[in-house]
Amino acid sequence: MGIIAISGCATGIGAACRQRLEADGYEVVGIDIKSAEVVADLSRPEERAAAVEQVLERTGGTLDRLLLCAGLGGHIGDNAKVASVNYFGVVDLLGGFFPALRKGADPSAVVICSNSAQIAPQLGESPLVAAMLAGDEDEARRLADADTGQGVYMMSKNAVGRAVRRRSLEWGTAGVRLNAVAPGPVDTPLLREGLETPGDGDLIRAFKIPVGRYGTPAEVAATVRFLLGPEAAFVHGAVWYVDGGADANVRPDSF
Ligand code: NAD
C-alpha cells in the first residue's frame with residue numbers, strides 16, 4: 001500500500017487511523033510529541049523542520065501518503081500554542097512533504113480540520129485567520145495570545161480548511177490529491193478534556209448532533225482511509241464533514 005507519515009498518531013483519531021491503515025498494509029512513520037517514530041513538538045518551527053527531515057531519512061526521500069491529525073483543543077489555555085500546532089503544524093508539514101509526495105506512488109494527503117471551522121463564519125474574517133493565511137506565525141501567536149474568547153481553535157481550523165482548498169490547483173496539477181476531513185465531536189482525549197473544562201464543556205454540550213451521539217475515532221478513520229485510497233481518485237480539494245449532521249443542522253443552506 002505504500003508509506004504514510006501520520007502526525008498526531010499517539011492518541012485519538014490519529015491512533016485509530018494508524019491502526020486502520022496499518023491493517024490495510026501501509027507502512028506508517030508517526031510524528032508526535034510522544035510515542036512515535038519521530039518525536040517532535042509541532043508548536044516549534046525548528047522541530048517541524050527536523051520532523052520532516054527525519055521522516056524523509058526513514059523513507060528515502062519519497063512519501064506515498066500523508067495524514068495530519070496533530071491538534072490541540074482550545075481548552076488547554078494557551079492560544080498561541082493552539083495557533084502554532086493547529087495551523088503552522090499543518091502548513092509547514094504540507095510544504096515540507098510536498099516534494100516527497102510528488103515522487104510517491106499514487107500520492108494523496110488528508111488533513112484533519114473540524115466542523116467548527118465554519119460554525120461562526122465571521123471568525124473567518126478575523127485578523128488572526130488573515131495572519132495565519134499570510135504565514136506570519138509571530139503575528140498569529142500575538143493575536144491568539146491577546147484573544148480572550150473561545151474562538152482561536154475555530155479560527156485555526158477555518159484557516160486549515162482554506163489552506164487545503166487554496167492548494168488544490170498546485171497540488172492537483174502535481175498529481176497529489178489533498179483533502180480535509182471535518183469531524184464533529186469525537187470521543188477522544190481532546191473531547192473529554194474539553195468537556196471537563198468550564199466554559200468549553202458547556203459550548204460542546206450545547207452543540208446539537210442530529211444523530212444523537214458523539215462519533216468514534218474509528219468512524220473518522222474509515223473516511224480518512226477512503227479519501228487516501230484509489231477509490232477517491234476524483235476527490236480533491238474537498239472538506240468532508242464527519243459530524244453526525246451537526247454542521248448541516250447549524251448551516252442548512254450553506255455547503
Ligand atoms: P487527541 O488529543 O487524542 O490527539 C491529538 C494528537 O496530537 C495526540 O497524539 C497528541 O500527542 C498530538 N499533539 C498534540 N500537541 C502536539 C504537539 N505540540 N506536537 C506534536 N504532536 C502533538 O485528539 P483528537 O481528538 O484525536 O484530535 C485529532 C485531530 O482531530 C485534531 O486536529 C483535532 O483538532 C481534530 N478534531 C477533533 C475533534 C474531537 O471532537 N475529538 C473534533 C474536530 C476536530
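Predicted model: local features only at pLDDT ≥ 70, side-chain atom pairs only at ≥ 80, totals over all residues.
**Entry: helix 2**

I stayed with helix 2 and checked its length. The helix has 15 residues and reaches 21 Å from first C-alpha to last, close to the 21 Å expected at 1.5 Å a residue. Then I listed what is buried in helix 2 and got R48, A51, V52, V55, L56 and T59. Looking down the axis of helix 2, I found these buried residues within an arc of 125°, so they line one face of the helix. Turned away from that buried side are E53 and E57, both exposed. What sits over the buried residues? The cover includes strand 1, strand 2, strand 3, helix 3 and helix 5 (137-146).

Seven strands make an open sheet, ordered 3-2-1-4-5-6-7, with parallel pairing. The edges are strand 3 (38-39) and strand 7 (239-242); each has a single partner strand, so one side of each is left without a neighbour in the sheet.

I put helix 2 (residues 45-59) back into this picture: it packs on the sheet and touches strand 1 (3-7), strand 2 (27-32) and strand 3. The direction of helix 2 makes about 165° with that of strand 2. Helix 3 (residues 79-102) packs on the sheet too, touching strand 1, strand 2, strand 4 (65-68), strand 5 and strand 6. For helix 3 I noted an angle of about 175° with the direction of strand 4.

I then went through the pairings. Strand 1 and strand 4 run parallel and are joined by four bridges. In that pair, I6 has L67 of strand 4 as its bridge partner. Strand 4 also pairs with strand 5, again in the parallel sense, over four bridges. Here R65 has S108 of strand 5 as its bridge partner. Going on along the sheet, strand 5 (residues 108-112) pairs with strand 6 (residues 177-183) in the parallel sense over five bridges. In this pair V111 stands opposite A180 of strand 6.

**Entry: S114 and S116**

I followed the chain on past strand 5. S114 sits in the loop between strand 5 and helix 4 (127-133), and S116 is found in the loop between strand 5 and helix 4 as well. Are they buried or exposed? With the cut-off for buried at under 20% relative accessible area, S114 counts as buried at 5%. S116 is also buried, at 11%.

The side chains of S114 and S116 are joined by a polar contact of 2.8 Å. I also looked for contacts beyond four places in sequence. For S114 these are Y153, K157, V181, A182 and P183.

**Entry: positive phi away from glycine**

Most residues other than glycine have a negative phi. Which residues did I note as going against that? One is S35, with a positive phi of about 45° although it is not a glycine. S35 is in the loop between strand 2 and strand 3, and at 62% relative accessibility it counts as exposed.

Another is D106, with a positive phi near 45°. I placed D106 in the loop between helix 3 and strand 5. At 48% relative accessibility, D106 counts as partly exposed.

Conventions: Residues numbered from 1 in each chain as written. Heavy atoms only, no water. Pairing = 2+ DSSP bridges. Helix = DSSP H or I, 4+ residues; strand = E, 2+ residues; numbered from the N terminus. Contact = heavy atoms within 4.5 Å. Axes fitted to C-alpha atoms, helices over the stretch in contact; angles between N-to-C directions. Buried < 20%, exposed > 50% of the residue type's maximum accessible area, 1.4 Å probe, protein only. Polar contact = N/O pair within 3.5 Å; in protein donor to acceptor, adjacent residues only side chain to side chain. Expected span 1.5 Å × (residues − 1). Arc of directions from axis to C-beta.
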